[in-house]
Amino acid sequence: MPGRAMIEAEGLVKRYGATVALAGVDLSVPAGAILGVLGPNGAGKTTAIRILTTLSHPDEGRASVAGFDVTAQPAEVRRRIGVAAQATTLDELLTGRQNLEMIGQLSGLRRSAARQRAADLLERLELTDAADRQTRGYSGGMRRRLDLAASMIMMPPVLFLDEPTTGLDPAGRLGVWEVIRGMVGDGCTVLLTTQYLDEADHLADSIAVFDHGRVIASGTPSQLKSETGSARLEVTLSTPRPDAVLALQPLLEGEAHISHDGRRLRAAVLNQEGIATAAVRALDRAGILVDDVQVHQPSLDDVFLALTGREAAEEDNANELEAATA
Amino acid sequence: MSVRTIGIDNARPAWFGQRLREILVLVRRNLIHILREPMQLSDVTVQPILFTLLFIFVFGSGIPIPGGSYTDFALAGLLAMNLVMSSNGTAVGLTTDLNTGLIDRFRALPMWRPSILIARSVTDLLSALVCTTIVVLAGLAVGWRPSTGVISVAAGLAIALLFTYAICWAFGCLGLVARNVEAAMSIGFIVLLPMAFVSNAMVPTQGMPAWLRVIADWNPVSSVTAACRQLFGNPNPSALIKDWPMQHPVEAALIWSAVLLAICVPLAVYLFRRRTSD
């Protein structure tokens, strides 16, 4: 089904009392693609997932998954999706294997098939050693992986993963990314939410940035970067030249920073093609010798800041700041 | 690796077979819970033994029963009381499940939602069976003897279990409206204690004040108790009471059970849907 949208949403609105969780969200994910939904806590990411997975009814708008309307044909949707919610949804008193076998059988697998798939997934997610222990003794990372396994038990065509790597250590995150890529390699369509910009950058084919219940920007990671962020230029001069800033002025966005020795210069520049060439030419015309020039493409952090006027993870930054000043 | 194909299983099992499988899988899950935390079973193991001994040896010494021993009189009452009290477990079990993320997982599966409720009630019926066995064994140990045949005794036990099954659905409804386990438990006991005690279960109702006696004689627990006494061939002072349920205790117990089921099963399904949708 190339090109057909496996996940589609139009004008989704969801209110909880006076709080507007979603204020008109449109999404479209073609078959076999990964959409990264990016946004801070409370942006509406989880609400969108709950609606798309039939757990919640939209107040306005419509959505379909694998071609079936989520409100009119929820049973058909449920047969085609796997869900890993943000809060872990395991049975604490059952072992990892028992959890997977139970979910497999409740999804319609025969006992022997459920057993086989549970064993395969436990191996794929490196949980075989812990498979026969009760999940209440699992670490955060093991829970995430078991949740992921549970969402994949039916090998569903569409996967919804709500913050699949939150709380994991870097190795755990890489492991989960690997598994998600594996699923997509098998033909699965994935919608995942994340607060981590680098996660969206690494995994997603396209990104929807949520803020206050709206999609405030969408596109491929590189589109988003080139549309919204400015690039950062760093040049090192052979000798200090105060007139370098003047020479570069037409390319700059905002103020330039010059190092103490007067040789290094940092500034935001227009993110346009040939920016490095243009910078070197401008300096050359002014008779300034350049030892080194670097252009850094904007990160999604820069994009988020540009879009919302806030840091993506304000709390983290605040903590870091506190730690630094303490 | 054999898990490699994405897609939906087209071999769709028959509706009824799949529902049955769901219920069995969930009952099995509930039984694993009991195995992991056997104290959950104290309601139907330790408590019945304790009640049997307490009532028979403490109360029994002071309550004269016309036409028989207190032990023979008390057993049917102990059975009804213990079974009714244990139905609080349904409320607690459901509330516990609802407060975990697991219900959300179930809700996104292509399963039939009422399977969750039915599995709960079947599990509670199984523990009621344990409770019944313990009460009967404890009764036999302290001298209780039925004076009718096996079939009649079995019919009495079956009526008690049917009523328990019905009352479990009523307490399931309570579990579905309670905010948390503590609330479910305390509301449950506020309802259960008067229901178990304002009845003919442990004492003949003849000695009660007139207004209380009316309540006691129309209490479904009294009907079940009287039905069991009649079917066990044990002393049944309520047979002298003119009120219809005491004259026809078997019919009354069956009607009470049917009415409770007819109201509480659809109500529980409705409450479950309401509780788990937003």
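**Domains, sheets, cores and the interface**

Tutor: The centres of domain 1 of chain A and domain 2 of chain A, taken over C-alpha atoms, are separated by 44 Å. Domain bounds come from an automatic or database domain assignment, and for chain A that assignment gives domain 1 (5-226) and domain 2 (230-297). The model is predicted: local features need pLDDT of at least 70, side-chain atom pairs count only at pLDDT 80 or more, and totals for chains, interfaces and linings use all residues. Residues are numbered from 1 along each chain as its sequence is written, while chains are lettered from A and ligands numbered from 1 in the order in which they are written.

Student: In what order do the strands of the open sheet with four strands stand?

Tutor: Strands of a sheet pair through backbone hydrogen bonds, either parallel or antiparallel. Here, two strands pair if DSSP finds at least two bridges between them; strands (E, at least two residues) and helices (H or I, at least four) are DSSP runs, numbered from the N terminus. The order in chain A is β2-β1-β4-β5, with antiparallel pairing. The edges are taken by β2 (19-30) and β5 (68-69) of chain A, each with a single partner strand, so one side of each has no neighbour in the sheet. Strand β1 (residues 5-16) of chain A is joined to β2(A) by nine bridges, and Ile7(A) has Val29(A) in β2(A) as its bridge partner.

Student: Which strands make up the open sheet of six, and which of them are at the edges?

Tutor: The order is β6-β7-β8-β3-β9-β10 (chain A), and the pairing is mixed. The edge strands, β6 and β10 of chain A, each pair on one side only. From one strand to the next, the twist averages 15°. Axes are lines fitted to C-alpha atoms, for helices over the stretch in contact, and angles run from 0 to 180 degrees between N-to-C directions. Helix α5 (residues 140-151) of chain A packs on this sheet and touches β6 and β7 of chain A, its direction making about 165° with that of β6(A).

Student: How many residues lie between β9(A) and β10(A) in their hairpin?

Tutor: Two residues lie between these strands, and His212(A) in the turn has a positive phi of about 50°. Strand β9 (residues 206-211) of chain A pairs with strand β10 (residues 214-219) of chain A over five bridges, in the antiparallel sense. Ile207(A) stands opposite Gly219(A), and Asp211(A) has Arg214(A) as its bridge partner.

Student: Which residues form the covered face of β13(A)?

Tutor: In a regular strand the side chains alternate between the two faces of the sheet. In strand β13 (residues 264-269) of chain A, the covered face holds Leu265(A), Ala267(A) and Val269(A), whereas Arg264(A), Arg266(A) and Ala268(A) are on the uncovered one. Six bridges join β13(A) to the antiparallel strand β11 (residues 231-237) of chain A, and four join β13(A) to strand β12 (residues 252-258) of chain A, also running antiparallel to β13(A). Arg266(A) is the bridge partner of Glu234(A) and likewise of His257(A). The hairpin of β12(A) and β13(A) has five residues between the strands, with Gly262(A) at a positive phi near 75°.

Student: How many residues does the largest nonpolar core have?

Tutor: In soluble globular proteins, nonpolar side chains tend to be buried together. A nonpolar core is a set of buried Ala, Val, Leu, Ile, Met, Phe, Trp, Tyr and Cys residues joined through C-beta atoms within 7 Å. A residue is buried if 20 or more other C-beta atoms lie within 10 Å of its own, exposed if 12 or fewer, and partly exposed in between, with C-beta atoms placed from the backbone. The largest core has 147 residues, and Val84(B) is among those with the most contacts inside it. Helix α7 (residues 150-177) of chain B gives the most to this core, with 13 residues. A second, separate core has 11 residues, including Leu233(A) and Val269(A).

Student: Is Arg274(B) buried or exposed?

Tutor: Arg274(B) counts as exposed because there are 11 C-beta neighbours inside 10 Å. This residue is found in helix α12 (residues 249-275) of chain B.

Student: How many residues of chain A are in contact with chain B?

Tutor: Contact requires C-beta atoms, placed from the backbone, within 7 Å. By this criterion, 37 residues of chain A are in contact with 30 residues of chain B.

Methods: Two residues are in contact if their C-beta atoms, placed from the backbone, lie within 7 Å.
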